[in-house]
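I opened this notebook to keep track of what I looked up, going from the overall sheet to single residues and then to the open space.

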Amino acid sequence: MIVVAGEALIDLVPQGPGALAVLKPALGGGPYNTAVALGRLGSRTAFCSRASNDAFGEALLDGLRRAGVDVSGVQRGPEPTTLAVATVDAAGSAAYSFYVDGTADRLFSGPVTLPAGTRAVSFGTCSLALEPGASAYEELMRTAAGQGLFTALDPNVRAGLIPDADAYRARFESWLPSVTLLKLSEEDAAWLGGTPRAWLAAGPSAVVLTRGGDGLTVFTQDGGEHSAPGEKVSVVDTIGAGDTVNAALLHGLAVQDALTPEAFAALGTEGWARLLRFAARAAAVTCSRAGAEPPYAAELGGRAAP
């Protein structure tokens, strides 16, 4: 079982140019997209969050169920669902503004009991920036790491939600001793102001840096550095691409039985090359269609794993 912890929200995506373009609601949120992608790839997945009792909340849970994700541990509440208004530039890159005051996922609380058979827990995005839920997710991360579980972190920085950048950067550094796999984009790395080698020294066993269409690179504790090129595709938009990378990495590691410290450390050049190529291929499919629509296993050349 892979548990994904974090927010589920509604993306309002413009259907044309201009500030007053018609907005189409879409299911979203970084952790939500990661959970859906894992389910579509065939991994046993559970979602850990708080969802509204409103119609958007029900739609979000239905989307997870359709992907085969266990939602039995999702907290519920009367608060509204978080909204994210997207803008997409000419290259397909998305930016967001958020409506988060008093919303359901922000009020996630602990303690949390993870499902039996949990092998990995994934964290990231808005859920680690918005209190009071951020502290509850942070505590879950430390608890999972203390239990010897594989932990994955994608900060997926949303600068507009972070009132004190320096405080967030310090908090990010405090998470690293509890993280097994850190995945982040070049843009996130620049905003955070660190380097993969510096982050490795703080705790993670590996750091994966994504570079959009140019591919991705992993840096490992043994000094290794392995890269895979991006897959060429006609980009519609990049919504959910990084979340798909998260899911593909975790799914591939689970299939290779590499979620233990020993197996993860022993992946080596060929193991990482296969895994990164698989993640690049999965992300390319997501970029080829509108919105966060990660691929099913059958869409990746009939292969469910690297």
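Predicted model: local features only at pLDDT ≥ 70, side-chain atom pairs only at ≥ 80, totals over all residues.

The entries below follow the order in which I looked things up.

I looked up how the strands are arranged and found an open sheet of eight strands with mixed pairing, in the order S4-S1-S9-S10-S11-S12-S13-S14. At its edges I noted strand S4 (45–48) and strand S14 (225–228), each of which pairs on one side only. I also looked up the angle between neighbouring strands of this sheet, which is 20 degrees on average when direction is ignored.

**Entry 2, strand S11.** I then turned to S11 (residues 181–185), which runs parallel to S10 (residues 150–154) and is joined to that strand by two bridges. Looking for the bridge partner of Leu153, I found Leu182 in S11. Which way do the residues of S11 point? Leu181, Lys183 and Ser185 point one way, while Leu182 and Leu184 point the other way. I recorded S11 as mostly covered, since five of its five residues are buried.

Next I looked up Asn156, which I located in the loop between S10 and helix H4 (165–175). Is Asn156 buried or exposed? Its relative accessibility is 13%, and because the cut-off for buried is under 20%, Asn156 counts as buried. Leaving aside residues up to four places away in sequence, I found that Asn156 touches Gly30, Thr125, Asp188 and Asp243. With Thr125 there is also a polar contact from side chain to side chain, at 3.2 Å.

Last, I looked up the largest pocket, which holds about 1200 Å³ of space. I noted that 50 residues line this pocket, and that the closest to its centre are Ser185, Glu187, Thr238, Ala241 and Gly242. Which elements each supply at least two residues of the lining? I listed strand S2 (9–14), strand S8 (94–99) and S11 among the strands, and helix H1 (30–41), helix H5 (186–192), helix H7 (241–255) and helix H9 (268–287) among the helices.

Definitions and conventions. Residues numbered from 1 in each chain as written. Heavy atoms only, no water. Pairing = 2+ DSSP bridges. Helix = DSSP H or I, 4+ residues; strand = E, 2+ residues; numbered from the N terminus. Axes fitted to C-alpha atoms, helices over the stretch in contact; angles between N-to-C directions. Buried < 20%, exposed > 50% of the residue type's maximum accessible area, 1.4 Å probe, protein only. Polar contact = N/O pair within 3.5 Å; in protein donor to acceptor, adjacent residues only side chain to side chain. Contact = heavy atoms within 4.5 Å. 1 Å grid on protein atoms, 1.4 Å probe; cavity = no way out; pocket = protein on both sides within 12 Å on 5 of 7 lines; lining within 4 Å. Points joined across faces, edges and corners; volume = space filled by probe spheres on them.
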